[in-house]
Amino acid sequence: MPSATNTTVVKSDDISSGTIHGAYGFRLTGVGQRLELQELSPLKPAPDQVVVKVAGCGVCHTDIGFAFDGVPTRHPLPLVLGHEIAGRVVAAGEKVAHWQGQTVIVPAVIPCGECPACKAGRATICRKQFMPGNDGDGGFATHVVVPGRGLCPVPDKLPDGITLAALSVVADAVTTPYEAIRRAQLGSGDIAVFTGVGGIGGFGVQIAAAFGAAVVAIDIDHERLDLAAQHGASLALDASQMNDKDLKSAVRSFVKQSGKSGIGLKIFETSGTAAGQTTAFSLIDHGGYLAVVGYSPRPVEIRLSNLMAFDATARGNWGCPPEQYPAALALVLEGKIALQPYVEEHSLDEAPQVIEAVHEHAIRRRAILIPPAH
Ligand SMILES: [Zn+2]
Ligand SMILES: [Zn+2]
């Protein structure tokens with residue numbers, strides 16, 4: 001029957017080209033506007049792209065910056081936000097067909113792999129990098145199209161208590177502090193200090209403890225400090241009750257008691273606040289190392305010459321190169337980084353309310369948006 005043949009031909013074309021119909025996402029149409037549910041036009045991967053069916057997408061501070069604070073996205077609005085994505089590849093272009101069916105974490109920043117920066121091993125500063133929810137539609141959606149490179153494969157069978165959706169936070173909140181800690185060459189002889197132990201810092205504390213360091217957590221929030229103390233921090237200091245001088249002397253006596261021989265504190269600024277940055281800088285001692293992990297648009301007043309006087313180092317990192325993802329994921333799968341106490345799951349369909357609640361600090365854990373099963 002000709003008509004049936006026609007239908008079959010159209011359908012099989014669709015399957016072989018892997019076009020996904022009926023996907024939707026929540027787009028930001030303007031700064032301060034409520035996210036808008038929009039149907040995505042049929043998703044067809046280019047030869048080097050894949051379509052990922054989203055299992056979960058974490059809501060990051062950066063999304064709040066785009067949605068409410070006027071931080072410009074590189075791709076003009078309207079745009080689906082979200083760059084902390086885990087899911088399954090449901091369509092793959094011909095050059096990357098080997099990803100078909102694989103469960104993956106999509107790195108928050110996917111370098112091009114070919115430019116001078118990438119070739120020099122500095123993939124995180126690639127100027128042709130792709131960030132979902134910034135350079136193109138992101139993960140606050142049922143499906144997302146991303147480059148078919150740098151993806152981090154996730155085993156099909158996960159340990160009890162770990163879901164693919166929860167692994168979305170590995171894409172940024174876990175890997176960014178992981179990379180900062182790796183660059184700091186943190187080891188078992190070291191003392192690691194974290195200023196700010198929310199999502200990013202909370203994972204940082206656990207990673208540093210897994211590397212064998214003695215860990216100090218500093219925050220102004222009791223609940224966060226308690227959680228850090230349960231998950232890797234040997235000393236928790238409440239910065240709402242202590243000035244920078246008190247914090248410094250408390251850290252000094254901890255160093256003495258710890259018996260650690262590491263030269264200089266390794267300090268990780270994970271609060272992304274001006275106060276946290278000032279505290280972190282004030283803790284730099286002889287041979288100290290400061291990693292700037294959190295972001296704040298606000299300037300701070302510091303005595304930069306302390307770096308010279310203490311022969312100290314300060315550096316930052318923009319995300320984490322994809323090749324480091326499997327090692328960070330392994331720490332989670334081995335149970336060395338607990339995700340569950342730091343995340344909470346919400347339906348994707350509540351995206352507009354959830355992002356507003358995160359903006360208003362009504363949601364304190366890292367929110368993960370989960371598309372309804374269909
Ligand atoms: Zn982020
Ligand atoms: Zn590049």
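Modeller: Let us begin with a single residue of this predicted model: asparagine 306 lies in helix H9, which covers residues 306–309.

Biologist: Is asparagine 306 buried or exposed?

Modeller: Leaving aside neighbours within four places in sequence, asparagine 306 is in contact with Phe281 and Asp311. Its relative accessibility is 12%, and because a residue under 20% is classed in this way, asparagine 306 counts as buried.

Biologist: How far in space is threonine 279 from glycine 93?

Modeller: Threonine 279 belongs to helix H8, residues 274–282, and at 10% relative accessibility it counts as buried. Not counting residues up to four places away in sequence, threonine 279 touches Thr195, Asp244 and Leu247. Glycine 93 is 186 residues from threonine 279 in sequence, and the distance between them in space, C-alpha to C-alpha, is 48 Å.

Biologist: What is the arrangement of the donor atoms around the zinc ion (ligand 2)?

Modeller: This zinc ion (ligand 2) is coordinated through the SG atoms of Cys112, Cys115, Cys118 and Cys126, at 2.3 to 2.4 Å, and along the chain these donors follow the spacing C-x2-C-x2-C-x7-C. Among them, cysteine 115 counts as buried at 10% relative accessibility, and cysteine 118 is buried with a relative accessible area of 13%. Because the 4 donor atoms around the zinc ion (ligand 2) subtend angles of 104 to 116 degrees, the arrangement is tetrahedral.

Biologist: Which residues coordinate the zinc ion (ligand 1)?

Modeller: Here the donors follow the spacing C-x22-H-x88-D along the chain. Cysteine 60 lies in the loop between strand S3 (49–58) and helix H2 (61–68), and histidine 83 in the loop between strand S4 (79–80) and strand S5 (84–92), so the pair ties together parts that are 23 residues apart in sequence. Cysteine 60 is buried, with a relative accessible area of 6%, as is histidine 83, with 1%. At 1.7 to 2.2 Å, the zinc ion (ligand 1) is coordinated by Cys60 (SG), His83 (NE2) and Asp172 (OD).

Biologist: How many residues of H4 are buried?

Modeller: The buried residues of H4 are Thr175, Thr176, Pro177, Tyr178, Glu179, Ala180, Ile181 and Arg183. What covers them includes S9, H5, strand S12 (266–269), S13, strand S14 (313–316) and H10. Helix H4 is therefore largely enclosed by the rest of the structure, the number of its residues that are buried being 8 of the 9.

Biologist: Which residues are joined with Arg182 into one network of salt bridges?

Modeller: The side chains of glutamate 179 and arginine 182 meet in a salt bridge at 2.9 Å, N to O, and because these two are 3 residues apart in helix H4, they are separated by about one helical turn. Glutamate 179 is buried, with a relative accessible area of 1%, whereas arginine 182 counts as partly exposed at 34%. Salt bridges that share partners join Arg182 into one network with Glu179 and Arg183.

Biologist: How many residues does the largest nonpolar core have?

Modeller: Those with the most contacts inside this core are Ile105, Leu167, Val174, Phe194 and Leu339. Leucine 339 touches Ala166, Leu167, Val169, Val174, Phe203 and Val332, not counting residues up to four places away in sequence. Apart from this core lies another, of 43 residues, including Phe26 and Ala351. The number of residues in the largest nonpolar core is 51.

Biologist: Over which residues does pLDDT stay under 50?

Modeller: The protein chain averages a pLDDT of 94, and 95% of the residues score at least 70. Where pLDDT is low, the predicted coordinates should not be read in detail. The stretch in question, for which the model has 2 contacts beyond four places in sequence, is residues 1–16.

Definitions and conventions:
Residues are numbered from 1 along each chain as its sequence is written. Chains are lettered from A and ligands numbered from 1 in the order in which they are written. This is a predicted model: local features need pLDDT of at least 70, side-chain atom pairs count only at pLDDT 80 or more; totals for chains, interfaces and linings use all residues. Side-chain values use heavy atoms; hydrogens and water are left out. Donors are N, O and S atoms within 2.8 Å of the metal (3.2 Å for Na, K and Ca); water is not among the atoms, so sites may look incomplete. Four donors count as tetrahedral if all angles lie between 85 and 135 degrees; four count as square planar and six as octahedral if opposite donors are over 155 degrees apart and all others between 65 and 115; anything else is irregular. Buried means under 20% relative accessible area, exposed over 50%, partly exposed in between (1.4 Å probe, protein chains only). Helices (H or I, at least four residues) and strands (E, at least two) are DSSP runs, numbered from the N terminus. A nonpolar core is a set of buried Ala, Val, Leu, Ile, Met, Phe, Trp, Tyr and Cys residues joined through side-chain atoms within 4.5 Å. Contact means heavy atoms within 4.5 Å. pLDDT is the predictor's confidence in each residue, from 0 to 100. A salt bridge is a side-chain nitrogen of Lys or Arg within 4 Å of a carboxyl oxygen of Asp or Glu.
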